[in-house]
Amino acid sequence: MASLTPDVDTPPSAWTGRFDGDGPEHRRWWQAVESCADAAGSDTNGQAGVLADGRPAVLLGFCSDEGVRRNKGRPGAAAAPAAIRKALGPLAFHLDRSVRDAGDVMVPGPDLEGGQDRLGSAVTALLDAGHLTVVLGGGHETAYASYLGVSASGAVRNGRRLGVLNLDAHFDLRDEPVPSSGTPFLQMARAEAGAGREFRYAVVGISEANNTRALFDTADRLGVRYLLDEDCEADRVEAFVASFLDGIDVLYLTIDLDVLPASVAPGVSAPAAYGVPLPVISAVCRQVARSGKLLHCDVAELNPEFDLDHRTARVAARLVDTLLR
Ligand SMILES: N=CN[C@@H](CCC(=O)O)C(=O)O
Ligand SMILES: [Mn+2]
Ligand SMILES: [Mn+2]
């Protein structure tokens, strides 16, 4: 049986939250989450590429803001995994799957690429052991780390068609000499081309005012599908996501919290003046969860330093909870 404990830099620490009692009717996330080290073994058959219903979810933190720093943003996202766990802890636990915590991969200095490799290896090991992996970023450089893990998994190597769905105000397709939080999807496009695969990338929530002509041209050249923030009415988003899901076998969903309005998600490097309403983003999460195609997901760009009343962390936690239903 494949190991449940991936190689990480920091093991999981104890979860906390409100205590109403020990019975299952009182259960909250902090009482339900197990440490990977304590979990007995995989309760799935671990068949590569088979997305079993109710497979255990594993949370893995990526403590990095080096990508945001390189992209001239506001650093602070390295503290996000702890803030999201803290917001998840007190939530009532209504899931029909088990949830485990694998701890954190750290990017303490400038070696972003080393951290991305370590996170990728951990994600691959967990996916191949039959888990639903959830990475708590980190700046959006988290996405390339996630991609390294997903693209090396049995599901993708065995020919499942991968789709990358990004909920984001930005394309993050920058062509820069150094990788950052602004480059992950161009890095993926190049890696997919190198592997002889089609790059299937869609973005919901693009802000026209915050992406230059050059970025739109790159998106068009790569065949990226996108919806502008101003076009994100609920029905239109649902149809867009359904059509994208139709053309793929397995999905990597990445949520950049700056897709939400600044009033809902103030704690990010680049708060959105317009933003896609939370009910629409939440509906995408429900749609994806129901699709049976969700292989891996991450939540990126939370910056606790700029978060008001932990608003953004609470939204991140709520979206993770929705995705795991
Ligand atoms: N991940 C960040 N992406 C945005 C940041 C934009 C900004 O800082 O204004 C980007 O590079 O386009
Ligand atoms: Mn982004
Ligand atoms: Mn963004």
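The following legends describe several close-up views of a predicted model.

Residues are numbered from 1 along each chain as its sequence is written, chains are lettered from A and ligands numbered from 1 in the order in which they are written, and side-chain values use heavy atoms, with hydrogens and water left out.

**View 1. The surroundings of ligand 1.** Asn 71, His 140, His 170, Asp 172, Arg 174, Ser 181, Gly 182, Ala 270 and Glu 301 surround ligand 1; a residue is counted here if one of its heavy atoms lies within 4 Å of the molecule. This shell consists of 1 nonpolar, 5 polar and 3 charged residues. In this grouping, Ala, Val, Leu, Ile, Met, Phe, Trp, Tyr, Cys and Pro count as nonpolar, Asp, Glu, Lys and Arg as charged, and the others, Gly among them, as polar.

**View 2. Polar contacts of ligand 1.** A polar contact is a pair of N or O atoms within 3.5 Å; within protein, one must be able to donate a hydrogen and the other to accept it, and residues adjacent in sequence count only if both atoms are side-chain atoms. The side chain of Asn 71 places an N or O atom 2.8 Å from an oxygen atom of ligand 1. A nitrogen atom of the ligand lies 2.8 Å from a polar side-chain atom of Asp 172, and an oxygen atom of ligand 1 is 2.7 Å from a polar side-chain atom of Arg 174. Ligand 1 exposes 340 Å² when taken alone, and the protein buries 80% of that; accessible areas come from the Shrake-Rupley method with a 1.4 Å probe, and for residues only the protein chains shown count as cover.

**View 3. The manganese ion (ligand 2).** His 140 (ND1), Asp 168 (OD), Asp 172 (OD) and Asp 256 (OD) coordinate the manganese ion (ligand 2) at 2.0 to 2.3 Å. Donors are N, O and S atoms within 2.8 Å of the metal (3.2 Å for Na, K and Ca), and water is not among the atoms, so sites may look incomplete. Along the sequence, the donor residues of ligand 2 have the spacing H-x27-D-x3-D-x83-D. Helices (H or I, at least four residues) and strands (E, at least two) are DSSP runs, numbered from the N terminus. Asp 168 is buried, at a relative accessible area of 0%, and Asp 256 is buried at 1%. Buried means under 20% relative accessible area, exposed over 50%, and partly exposed in between (1.4 Å probe, protein chains only).

**View 4. The manganese ion (ligand 3) and the bridge to ligand 2.** The protein donors of the manganese ion (ligand 3) are Asp 168 (OD), His 170 (ND1), Asp 256 (OD), Asp 258 (OD) and Asp 258 (OD), at 2.2 to 2.4 Å. Their spacing along the chain is D-x1-H-x85-D-x1-D. The manganese ions (ligand 2 and ligand 3) lie 3.2 Å apart, with Asp 168 bridging them. His 170 belongs to the loop between strand 5 and helix 7 and is buried, with a relative accessible area of 15%.

**View 5. Annotated positions.** An unreviewed UniProt entry places the feature "binding site" at His 140, Asp 168, Asp 172 and Asp 256. These residues span 117 residues in sequence, yet no two of their C-alpha atoms are more than 10.3 Å apart, so they gather at one spot. UniProt positions are given in the numbering used here, feature names are shortened, and annotations may be inferred rather than shown by experiment.

View 6. Asn 211 occupies the loop between strand 6 (201-206) and helix 8 (213-221), and is buried at a relative accessible area of 6%. The side chain of Asn 211 reaches the backbone oxygen of Ala 169 at 2.9 Å. A polar atom of that side chain also lies 3.0 Å from the backbone nitrogen of Phe 171.

**View 7. Backbone geometry.** Most residues other than glycine have a negative phi, and most peptide bonds are trans. Gly 137 and Gly 138 are joined by a cis peptide bond, with omega about 20°. Lys 72, which is not a glycine, has a positive phi near 65° and is exposed, with a relative accessible area of 76%.

Definitions and conventions
Predicted model: local features only at pLDDT ≥ 70, side-chain atom pairs only at ≥ 80, totals over all residues.
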